[in-house]
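We will go stop by stop.

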Amino acid sequence: MSEQQATLAGGCFWCTEAIFNDVIGIRSVESGYIGGQVTNPTYRQVCGGDTGHAEAVRLTFDPEQIAYSDILDIYFATHDPTQLNRQGNDVGTQYRSAIFPHSAEQEEAARAAIERAQADWDKRIVTTIEPLSDWYPAEDYHQDYFEREGASNPYCMAVVAPKLRKFRKSYASRLKNQAAAG
């Protein structure tokens, strides 16, 4: 089985992780930090906005089950790529929309995905394509956060849950558990 990785930042990693955990062909999703200049940053440091890191997810996927371009299409459909350094009420460079390609082919696919996605948005897409840099896994309590804590976290119920419901309805054929679409 050949596996590949994709690294994407689309606002709060709890949302992005919850979405991609549901997708057929995604073997694992890890929340973490990338794109900054501090070694081993903590959540508190990243949230301060001074490290340069983005909250991101690193996906391990089976390209025979899901193409990188399909992952990017899901990514663009499940966050607002026209908001500079924010997603909703989450504001700061740590919430930027960014793609960190793992190869020249992924970079080319990212550029094509931005062009495809632009047709769906009235405003210009501001998603950046940034060089792959050091990856720092987020603290353990952030991993699978929505699955573990979502129902008891008001932020998750207000922000993540509606986004996940919309995703599951729009992408029912891509879900690992078809029953999750209901």
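Helices and strands here are DSSP runs, numbered from the N terminus: a helix has at least four residues, a strand at least two. Keep in mind throughout that the model is predicted.

**Stop 1: His53**

Select His53. His53 sits in a loop, with α2 (43-47) on one side and β3 (54-61) on the other. Is His53 buried or exposed? Its relative accessibility is 1%, so His53 counts as buried, the cut-off being under 20%.

Now show the side chain of His53. Which side chain makes a polar contact with it? The partner is Thr51, at 2.8 Å. Next, show the backbone of Val38. The backbone oxygen of Val38 is 3.4 Å from a polar atom of the His53 side chain.

Then widen the view. Setting aside neighbours within four places in sequence, His53 has contacts that include Tyr33, Ile34, Pro41, Thr93, Arg96 and Tyr136. Gln94 is also among the contacts of His53. Go there next.

**Stop 2: Gln94**

Select Gln94. Gln94 belongs to the loop between β5 (90-91) and β6. Gln94 counts as buried because its relative accessibility is 4%. A polar atom of the Gln94 side chain lies 3.0 Å from the backbone oxygen of Cys47. Apart from neighbours within four places in sequence, Gln94 touches Val46, Cys47, Gly49, His53, Ala54 and Glu55.

**Stop 3**

Select residues 4-10, which form β1. How many of the seven residues of β1 are buried? Five are, and the strand is mostly covered.

β1 and β3 pair antiparallel, over five bridges.

While the strands are on screen, look at the side chains. In a regular strand, side chains alternate between the two faces of the sheet.

**Stop 4: the nonpolar cores**

Select Leu8, Phe20, Ile26 and Leu59. These residues have the most contacts inside the largest nonpolar core, which has 41 residues. Several elements each supply at least two residues of this core, including β1, α1 (13-21), β2 (26-34) and β3. Helices α3 (68-77), α4 (104-118), α5 (145-149) and α6 (154-170) are also among these suppliers. There is a second, separate core of seven residues, and Ala9, Ala56, Phe100 and Trp135 are among them.

Return to Leu8. Which residues is Leu8 in contact with, beyond its neighbours within four places in sequence? They are Phe20, Ala56, Val57, Leu59, Ile71, Leu72, Tyr75, Ala98 and Ile99.

**Stop 5: the cavity**

How many cavities of 30 Å³ or more are there? The count is one. The largest cavity holds about 50 Å³ of space. To find it, select its lining: Gly10, Cys15, Thr16, Ile19, Phe20, Tyr75, Thr78, His79 and Lys163. Four of the lining residues come from α1, the largest share.

**Stop 6: two positive phi angles**

Select Asn85. Asn85 lies in the loop between α3 and β4 (86-87). Its phi is near 55°, a positive value in a residue other than glycine. With a relative accessibility of 25%, Asn85 counts as partly exposed.

Jump to Asp144. This residue lies in the loop between β8 (136-137) and α5. Phi of Asp144 is near 55°, again positive in a residue other than glycine. Asp144 is partly exposed, at 31% relative accessible area.

**Stop 7: Ser133**

Select Ser133, in the loop between β7 (128-129) and β8. Ser133 is partly exposed, with a relative accessible area of 31%. Beyond neighbours within four places in sequence, Ser133 is in contact with Ile34 and Gly35. Zoom in on Gly35: its backbone nitrogen is 3.2 Å from a polar atom of the Ser133 side chain.

Key. Residues numbered from 1 in each chain as written. Predicted model: local features only at pLDDT ≥ 70, side-chain atom pairs only at ≥ 80, totals over all residues. Heavy atoms only, no water. Buried < 20%, exposed > 50% of the residue type's maximum accessible area, 1.4 Å probe, protein only. Polar contact = N/O pair within 3.5 Å; in protein donor to acceptor, adjacent residues only side chain to side chain. Contact = heavy atoms within 4.5 Å. Core = buried A, V, L, I, M, F, W, Y, C linked by side-chain atoms within 4.5 Å. Pairing = 2+ DSSP bridges. 1 Å grid on protein atoms, 1.4 Å probe; cavity = no way out; pocket = protein on both sides within 12 Å on 5 of 7 lines; lining within 4 Å. Points joined across faces, edges and corners; volume = space filled by probe spheres on them.
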